[in-house]
Amino acid sequence: MSAWLEISDQYQQQVQILGLHSTDLVAAAWYSFQKQQFPVLEIRNQRYGQLLAEIFPKIPPLRRWLTRGFTAHGLICIKEGTWLGRHRLIIHEIGHLLDKDHTWWPTLMHRSWAFRWFNRW
Ligand SMILES: [Zn+2]
């Protein structure tokens, strides 16, 4: 079974709330981290932009443009074609799912993408 079918089956309600369809996706995968599996959806640019605007209406446009990923209802959503720093982005989003907040410390939870250079929490 494809990862998308598994994820959409297991997260039916969340997928429905977000209005996500397989055609909105570039890819779907389970990401293993510390013996847990996290659902990661790579979303097509246009749909990604719409979702981001719907979920975070108060983020200024530039910041929104710089935001390559977010979590919503237990799902990790990343922007199409995000290859630079992809692993760290996903680990950062997993941090959110594990209830970690943003910080100004030089860690994976740093709030600015550009300064998120450390491989630790
Ligand atoms: Zn974050």
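Does Gln34 count as buried or exposed, and how many C-beta neighbours inside 10 Å does Gln34 have? Gln34 counts as exposed, because 7 C-beta neighbours lie inside 10 Å. The model here is predicted. The chain has five helices and four strands. Along the sequence they follow the pattern α-α-β-β-α-α-β-β-α.

**Overall build**

- The radius of gyration of the chain is 14 Å, close to the 14 Å that the globule rule gives for 121 residues, so the chain is as compact as a globular protein of that length.
- Along the principal axes, the C-alpha atoms fill a box of roughly 40 × 35 × 25 Å.
- Buried residues make up 20% of the 121 residues.
- Take the contacts with a separation of 6 or more: 39% of them join residues 24 or more positions apart.

**Confidence**

- The average pLDDT of the chain is 92, and 98% of the residues score at least 70.
- Confidence is highest in strand S2, at 98.
- Confidence is lowest in helix H4 (residues 61–66), at a mean of 84.
- Where pLDDT is low, predicted coordinates should not be read in detail.

**The sheet**

- Four strands form an open sheet in the order S1-S2-S4-S3, with mixed pairing.
- The edge strands are S1 (25–33) and S3 (69–72), and each pairs on one side only.
- On average, neighbouring strands of this sheet are turned by 25 degrees against each other, direction ignored.
- S1 and S2 pair in the antiparallel sense, over eight bridges. In this pair, Ser32 has Gln37 of S2 as its bridge partner.
- S2 and S4 pair in the parallel sense, over four bridges. Here Ile43 has Lys79 of S4 as its bridge partner.
- S3 and S4 (residues 75–79) pair in the antiparallel sense, over four bridges. Here Ala72 has Leu75 of S4 as its bridge partner.
- S2 is largely enclosed by the rest of the structure, because six of its eight residues are buried.
- In a regular strand, side chains alternate between the two faces of the sheet.

**Helices across the sheet**

- Helix H1 (residues 3–10) lies across S1 and S2 (36–43). The direction of H1 is at about 75 degrees to S1.
- Helix H3 (residues 45–55) lies across S2, S3 and S4. The direction of H3 is at about 125 degrees to S4.

**The nonpolar core**

- The largest nonpolar core has 16 residues. Val40, Leu41, Ile76, Cys77 and Ile78 touch the most other members.
- The elements that give two or more residues to this core are helix H2 (12–18), S2, H3 and S4.
- What does Ile76 touch, leaving aside its neighbours within four places in sequence? Its contacts include Phe38, Pro39, Val40 and Leu41. Gly69, Thr71, Ile90, Glu93 and Ile94 are also among them.

**Tyr48, a residue of helix H3**

- Tyr48 lies in helix H3.
- Tyr48 counts as buried because it has 23 C-beta neighbours inside 10 Å. The cut-off for buried is 20 or more.
- Not counting residues up to four places away in sequence, Tyr48 touches Ile43, Cys77, Lys79 and Glu80.
- Tyr48 and Arg68 are 20 residues apart in sequence. In space they are 9.2 Å apart, C-alpha to C-alpha.

- Most residues other than glycine have a negative phi.
- Gln34 is not a glycine, yet its phi is positive, at about 45 degrees.
- Where is Gln34 placed? Gln34 sits in the loop between S1 and S2. The hairpin of S1 and S2 has two residues between the strands.
- Asp99 is not a glycine either, and its phi is positive at about 70 degrees.
- Asp99 is placed in the segment after helix H5 (86–97).
- Asp99 counts as exposed, because 6 C-beta neighbours lie inside 10 Å. The cut-off for exposed is 12 or fewer.

Key: Residues numbered from 1 in each chain as written. Predicted model: local features only at pLDDT ≥ 70, side-chain atom pairs only at ≥ 80, totals over all residues. Pairing = 2+ DSSP bridges. Axes fitted to C-alpha atoms, helices over the stretch in contact; angles between N-to-C directions. Contact = placed C-beta atoms within 7 Å. pLDDT = per-residue confidence, 0-100. Rg over C-alpha atoms; globule rule 2.2 N^0.38 Å. Core = buried A, V, L, I, M, F, W, Y, C linked by C-beta atoms within 7 Å.
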